[in-house]
Amino acid sequence: MAQSSEEMLFDAFEEARAGLLGVEGSSQHMQPMSGHLDREARQVWFITSRKTDLVSAVGQGATAHFTLQNPGNMFYASLKGPIVQVADQAKLDALWSPMSAAWFRQGKEDPDIILLRLDLLEAAMWETTDSTALFGWELLKANVTGEQPDIGSHTVLNFAKAA
């Protein structure tokens with residue numbers, strides 16, 4: 001049985017984990033972040049510092065975009081939803097890792113730590129073929145026929161409808 005689009009997205013997310021996070025309406029560039037996926041709740045959690053421009057842009061709440069790519073698997077995704085700051089020690093304890101510790105000298109007790117929670121509203125995914133021969137054939141065929149090459153798939157998931 002084929003994997004559902006949501007499972008494919010979540011599996012690819014857990015393989016890549018790092019991506020670019022940006023706040024809609026902000027003049028900032030998207031920033032590299034490592035996300036922690038909660039499949040059941042359809043949320044992505046980030047550990048960061050209160051002192052960042054990103055947290056300032058989130059403020060009391062905003063809409064964010066998180067993009068991830070896994071070029072080895074020819075997979076790309078853009079996730080969108082509301083993002084908020086959350087002070088939750090139990091959640092921080094659950095997410096904490098040696099990678100997190102590298103960013104905070106005082107460990108989990110660092111007073112500048114804040115969690116950001118992105119509630120998934122929508123995701124767009126692209127998956128392309130990893131076959132060089134098929135890719136080349138489709139490009140050649142497109143140049144001869146004038147039709148667009150068929151080198152992958154594009155899917156949009158709406159989590160609000162799925163909830």
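**Around the largest pocket**

Modeller: Sorted by class, the residues lining the largest pocket come out as eight nonpolar, seven polar and three charged. Keep in mind that this is a predicted model. The lining has 18 residues in total, and the volume of the largest pocket is about 400 Å³.

Next, zoom out to the elements. Strand S2 (31-34), strand S4 (43-49) and helix H4 (98-101) each provide at least two lining residues. The biggest share comes from S2, which gives four residues.

Now pick out Phe 104 again. Its relative accessibility is 9%, and buried means under 20%, so Phe 104 counts as buried. A search of the whole structure turns up four aromatic pairs.

For contrast, take a look at Phe 10 and Phe 159. Their planes are at 5° with the ring centres 6.1 Å apart, and planes under 30 degrees apart count as stacked, so that is what we call this pair. Phe 10 belongs to helix H1 (residues 5-16) and Phe 159 to helix H6 (residues 159-162), so the pair links parts of the chain that are 149 residues apart. Phe 10 is buried, at 4% relative accessible area, and Phe 159 is buried too, at 3%. There's also an aromatic cluster to find, made up of Phe 13, Phe 46 and Phe 66.

S4 pairs with S7 in the antiparallel sense, over seven bridges.

What about S7 itself, is it enclosed or open? Strand S7 covers residues 113-119, and six of its seven residues are buried, so it is largely enclosed by the rest of the structure. S7 also pairs with strand S6 (residues 75-86), again in the antiparallel sense, over four bridges. If you want a spot to check on screen, Val 84 has Arg 117 in S7 as its bridge partner.

Notes. Residues are numbered from 1 along each chain as its sequence is written. This is a predicted model: local features need pLDDT of at least 70, side-chain atom pairs count only at pLDDT 80 or more; totals for chains, interfaces and linings use all residues. Side-chain values use heavy atoms; hydrogens and water are left out. Rings of Phe, Tyr and Trp (its six-membered ring) pair if their centres lie within 6.5 Å; planes under 30 degrees apart count as stacked, over 60 as edge-to-face and the rest as tilted. Buried means under 20% relative accessible area, exposed over 50%, partly exposed in between (1.4 Å probe, protein chains only). On a 1 Å grid over the protein atoms alone, a cavity is a set of points where a 1.4 Å probe fits but cannot get out, and a pocket is an open set with protein on both sides within 12 Å along at least five of seven lines; lining residues have an atom within 4 Å of a point. Grid points are joined across faces, edges and corners, and a volume is the space filled by probe spheres set on the points. Ala, Val, Leu, Ile, Met, Phe, Trp, Tyr, Cys and Pro count as nonpolar, Asp, Glu, Lys and Arg as charged, and the others, Gly among them, as polar. Two strands pair if DSSP finds at least two bridges between them.
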